[in-house]
Amino acid sequence: MEMSQRGRKILVPAAFLPLIVSACTPEPITSQGEQVSDLYTIFSVIAAVIFVVVAGLIGWSLIRYRAKPGDDELPPQFHTNLKLEITWFAIPQVIVIGLFIATAFVLVDVNEEADDPAVTVDVEAFQWGWRFGYSGTDVTIIGIPQDPAEIVLPVNEPITFVLNSDDVVHAFYIPKFLNKRDVIPGKENRFSVTIQEEGTYQGFCAEFCGLLHDRMPFTVQAVSSASFESWLEGQGDDDGDS
Amino acid sequence: MATVDSPADFGIERRRSGLVDYITTTDHKKIGILYLYTAVAFFLVAGALALVMRAELAAPGLQVVDNQTYNELFTMHGTAMMFFFVVPLALAFANYFVPLHIGAPDVAFPRLNALTYWMFVLAGLTAFSGFATSGGAAPFGWTGYVPLSESTYSPSVGADLWIMGLLLSGVSGTLGAVNFMATIFGMRAPGMTMFRLPIFVWNIIVTSALIMFTFPVLTAALSMLFIDRNMGGHFFDPKVGGDPILWQHLFWFFGHPEVYIAILPFFGVVTEIIPVFSRKPLFGYRGFVFATLLIGAYSFSVWAHHMFTTGAVDGPFFSATSMLIAVPTGIKFFNWIATMWRGKIRLRTPMLFCMGFLFMFLMGGITGVFLASPPIDFAVHDTYYVVGHMHYVLFGGSVFAIFAGIYYWAPKMFGRMMNERLGKVHFWLMLLGFNVTFFPMFQLGLNGMVRRIADYPAETGFAPMNLLASIGSAIIGLSVLVFVYNFFMSKRRGMPAGNDPWEGYTLEWATTSPPPHHNFTRLPPIRSQQPVFDETQQAQRESRG
Ligand SMILES: [Cu+2]
């Protein structure tokens, strides 16, 4: 008996689990990331409602329809209701169509490549590190496990990343972009972002790429266009010296 | 009740149940028990590998294992759970209960059945034998992505042993599926029409179909990889015109239906248990069959949602199909609830695990819809969000249902009830440990923790939630120990089960526990989906009237 009491106490709050998880993407820093974050919020709200309704119905059945001790009478033996079944086929169908439409709009924007990017970064992933080349300059930044790369990018300007690999599959991932793309040998991938906030952000390799996959973190510093320009020029000088 | 269980029958069973008999047996029930023991053994091993991984991840820095070992651990954890635990455990239940459910004396091809089992054992041992070689086991993840799994990047013998193990397991699974199809379509007792089949059997039909269509694709892909590695092939080498993305297509064309292969049998188990413990017939039987067939059909069109970030697949198409497949699963939820609605629910251990299944799988299913949306997938793909989602599906879903099935059917298989109190301790510990382990992973993934890493920098802030997850994993480990103790203790000293301890509906409850060699001395008339229930009700009416 104590068990059933405890059962109710645990099962009912379990119904509210998704409320904790909803709307918890990290603060996005790109205009594209903001759209993804909004889409995630839409999904979360609908998911929370579905979870509360379904888990609530299960929890309610468990509490309301527990057999009383000693009650051997059979409950009503109903087992079909076509109208009801068609209804609960139709409702989820409508919900997923709605979610798909919301998805399609955001997908178009997230995949849209900048016509005339201010900066194009050629990203080459390798076992185990990154080579970042600033297109149109000879600035190249290399990161390896002992000495991770730190790249600098301007805010409020479209940036395009061009991804290539010469060995295995990696993935270029900056969590606060809310975006990533695989870096695949033999297939060039590209995507564009516009960073909106200055700051220092961490990046990772997301696709498992062998022994030191976990040692591929890198850092992105987002700065004003002016500071970016002067940084880029300074790098050029360094490069010339070496 | 007219069921005859002559003591002589029992005597013969006892004398035969030696080790030699189990090795040479072609009896579907003994093969079912062999599958059960072997699959659970792989579960314990693969679970132990996971506990080592969680120990490593509890804090930043490498304390327990090095990178190479860690990579072998998660590769073999995933491989063993998918190929040597969940699917073989489905085959354990199917072996034991499909012939009983349809009123047959055995499967259609008993010797093929034995071959299937022994190939599976050999497959598991082959894949694991990599640990005994100097280069270690395969280190490239259970998905074996190329070019990483090519000989240039993974030259170890363990990688080839992994390929051979999976090839064997693929052939074994395909033969098993053929056997179940032949059994179900050819050996049903008189009166057992298709629409009177237990839902569990319907799920085995669809699962077998998925196996027959997709395991050969995996077998082909593995053969290509083997040729690339050992015979100078270039199927996947981009430098000479091969295509690494081809591997991902082939793997996931198998791999996504594989997820349904790993869950549908256990939908079947749960769908057998909930009506019995609600003391009502299943609500919407035909809707249930329809939903299962629909899931089977849709499952061939969703594979590339694992590949959105490759930029090489049609995002909108695979997004739409992946969201649509949630609908038939939703139907099932409503049918389960309607079955419980206005019932008289007995919350015994099997039913308790079914409830755990409903709540946890609901979480897994809903987070799956997030992943079907490419923009959201771009954010969380290859992070712990996916690890959390997939464990809510395969652990919260399949594994909870597996335990429901074991508590429900162990009395039939071994003749004794499992201990109810220990069963409940097992359930609550596992539910707690499971959520403490896997719930934080959603947030970890959103925050940017990628999967398959042995270590993370301290400044990422991932440490506290990882510590929590590791503590949860220890609680899961403890709950499994409670189960193992309960299983062996009850098998020896549990209460005798009798023929029908749960007032069941389906034919396995019409015979002795365990059933005699030929399964039935008599069959009740089969006039509905609940022949045993019909007969006991009739007997009660007669005794009253
Ligand atoms: Cu990498």
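**View 1. The loop of Arg342(B).** Arg342(B) sits in the loop between helix H12 (326-340) and helix H13 (349-371) of chain B. Helices (H or I, at least four residues) and strands (E, at least two) are DSSP runs, numbered from the N terminus. Though not a glycine, Arg342(B) has a positive phi of about 60°. Its relative accessible area is 44%, so Arg342(B) counts as partly exposed. Buried means under 20% relative accessible area, exposed over 50%, and partly exposed in between (1.4 Å probe, protein chains only). The model is predicted: local features need pLDDT of at least 70, side-chain atom pairs count only at pLDDT 80 or more, and totals for chains, interfaces and linings use all residues. Residues are numbered from 1 along each chain as its sequence is written, chains are lettered from A and ligands numbered from 1 in the order written, and side-chain values use heavy atoms, without hydrogens and water.

**View 2. The loop of Asn156(A).** Asn156(A) lies between strand E4 (150-154) and strand E5 (158-165) of chain A, in the loop. Its phi is near 60°, a positive value in a residue other than glycine. Asn156(A) is exposed, at a relative accessible area of 54%.

**View 3. The copper site.** Four residues coordinate the copper ion: His170(A) through ND1, Cys205(A) and Cys209(A) through SG, and Met216(A) through SD, at 2.1 to 2.6 Å. Donors are N, O and S atoms within 2.8 Å of the metal (3.2 Å for Na, K and Ca); water is not among the atoms, so sites may look incomplete. The site is tetrahedral, with angles of 92 to 122° among the 4 donor atoms. For four donors, that label requires all angles between 85 and 135 degrees. The donor spacing in sequence is H-x34-C-x3-C-x6-M. His170(A) lies in strand E6 (residues 170-174) and Met216(A) in the loop between strand E9 (199-205) and strand E10 (218-223) of chain A, so the pair ties together parts 46 residues apart in sequence. His170(A) is buried, at 0% relative accessibility. Met216(A) is buried too, at 1%.

**View 4. Cis peptide bonds.** One cis bond joins Gln127(A) and Trp128(A), with omega about -5°. Trp128(A) is in the loop between strand E1 (119-126) and strand E2 (129-134) of chain A. Another cis bond joins Val146(B) and Pro147(B), with omega about 0°. Pro147(B) belongs to the loop between helix H5 (110-128) and helix H6 (157-186) of chain B.

Key. Tetrahedral: all angles 85-135°; square planar, octahedral: opposite > 155°, others 65-115°.
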